[in-house]
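Here is a short briefing to read alongside the sequence and the 3D view. Take it one topic at a time and keep finding the residues as you go.

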Amino acid sequence: MSPLSIYLPVLAGHAFQQTALIGMVPLLALALGLHESEIGLAVAMGLVTAGVALPFVSLLGGRIVVLGGLGGLLLANLVLLYVVGTGVQGWSTTFVFVLLAVIRSVQGVSAAGLMMAAQTQGVAQENSLKGLGIVQSMGSVGRIFSAALIGPLLLVSQLAPLLPAALGAMVSLMMNHGKPAPKLRATMRPPRLTAFRVTVLTQVAVGAAQIGLAPVILDQLEAEPMRAAGNAGFCLAAANLGLFLALRLLAHRTGQIGARLAGLLLVLAAACVPFADRLATFLFLSFVIGGSTGLLFTLNLSEIMTREDYAQLQVTGWNGAIQIAALAGGVASGSALLALSPAAPFAIVALSGAALAFAPPSTQRT
């Protein structure tokens, strides 16, 4: 069994739940007695906590990070299932909000630590880029299945979409028994910030594309809001499928020219969005954007994690923190541009792609 396989159930299950929560916000608000904005704020607090904690997580050591991450995710998911399933009658809304924020923070830090450990394990494989591509594609498995199954699962129970995260953590915890932990870099010192330029550009593009997707579909396909949201979900599934295939089939075969082409494809896909008038076109463009950004991000991460001059520095933790911040920046800037046009956020995607095509990440195959 591959040492990377223990991370697949937990990371895929967590990504499944993350995707499901987007569509479950109204249901969760009703079940927990909170406003939808409070649900969103609790989710955001989990992301912020993970981003702030990541550079320091590696100081705990590989074994604590893996076991603590698996145990933390399992416990947080079981508590979430209990709270949503049993109801919160008699609980104050303040207590429920704080509890949800704590749950999301534990989930965020635990999942981020496990991703860091998995990335370290992936780079340690014989072909580091192939190993890292496998790790980076694990979450896309959960997102693809979540986009397809959340509707049917909700017909069974509002708890059903939350179960895969708990089951994934449980399975990975059992698979991890007796396995050696990856050796994390016990330092907080980051490489120079220019090492993360590809991280910033790709994640800003992803954030802008995600926030602009439903509005541009609503505008150009003249669909009802509910139908536009559903179509946007299908497009997100297509983007994750593109990411999965790019990382599994292309990452370890891609050189400098391929990286430059990925940047150009990102520009072309974003430029075509204002002219799309069919769902099939949006699905294809989402597929290209997801595959291109995922490929460029992973090529850069592989390069900076294997550079000799960065060997004693903290790469994965700072990369993860900057990834979260850049994603938030992409969502914020894309939201601001929506006032101009539903397709305007994709100008950010095109500009990011142009910068990446002009100066693509360095690539290596080891």
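**Who touches whom?**

Set aside the neighbours within four places in sequence, and Glu36 is in contact with Val25, Pro26 and Ala29. Keep in mind that this is a predicted model.

- Glu36 belongs to helix H2, which covers residues 36-57.
- Is Glu36 buried, exposed or partly exposed? With a relative accessibility of 42%, Glu36 counts as partly exposed, because that value falls between the cut-offs of 20% for buried and 50% for exposed.
- Pick out Pro26, one of the contacts of Glu36: the two residues are 10 apart in sequence, and their C-alpha atoms are 6.2 Å apart in space.
- Val43 also sits in helix H2, and at 27% relative accessibility it counts as partly exposed too.

**Rings**

- A pair of aromatic rings is described by the distance of the centres and the angle of the planes.
- This structure holds one aromatic pair. Trp91 and Phe95 form it, with ring centres 5.7 Å apart and planes at 80°, so the pair is edge-to-face.
- Another ring to look up is that of Tyr310: the charged end of Arg307 sits over it, 4.2 Å from the ring centre.

**Helices H1 and H6**

- Helix H1 (residues 7-32) and helix H6 (residues 163-175) have axes that come within 7 Å and cross at roughly 170°.
- Angles over 145 degrees count as roughly antiparallel, so that is how H1 and H6 run relative to each other.
- The crossing of H1 past H6 is left-handed.
- On the H1 side, the residues that meet H6 include Tyr7, Pro9, His14 and Phe16. Their counterparts in H6 include Pro164, Val171 and Met175.

**Helices H7 and H11**

- The axes of helix H7 (residues 197-220) and helix H11 (residues 316-337) also come within 7 Å, but here they cross at roughly 40°. That makes H7 oblique to H11.
- The H7 and H11 crossing is right-handed. Among the residues making the contact are Thr199, Gln203 and Ile211 of H7, together with Asn319, Leu327 and Ser335 of H11.

**Helices H5 and H10**

- What angle do helix H5 (residues 128-156) and helix H10 (residues 279-306) pack at? It is about 130°, with the axes 10 Å apart.
- H5 and H10 are therefore oblique to each other.
- H5 goes past H10 in a right-handed crossing. The contact involves, among others, Ser128, Leu132 and Gln136 from H5 and Phe297, Leu301 and Thr306 from H10.

How values were computed
Residues numbered from 1 in each chain as written. Predicted model: local features only at pLDDT ≥ 70, side-chain atom pairs only at ≥ 80, totals over all residues. Heavy atoms only, no water. Helix = DSSP H or I, 4+ residues; strand = E, 2+ residues; numbered from the N terminus. Buried < 20%, exposed > 50% of the residue type's maximum accessible area, 1.4 Å probe, protein only. Contact = heavy atoms within 4.5 Å. Phe/Tyr/Trp six-rings, centres within 6.5 Å; stacked < 30°, edge-to-face > 60°. Lys NZ or Arg CZ within 6 Å of the ring centre and 35° of its normal. Axes fitted to C-alpha atoms, helices over the stretch in contact; angles between N-to-C directions. Parallel < 35°, antiparallel > 145°, perpendicular 65-115°, else oblique. Left-handed = near helix turned anticlockwise from the far one by under 90°.
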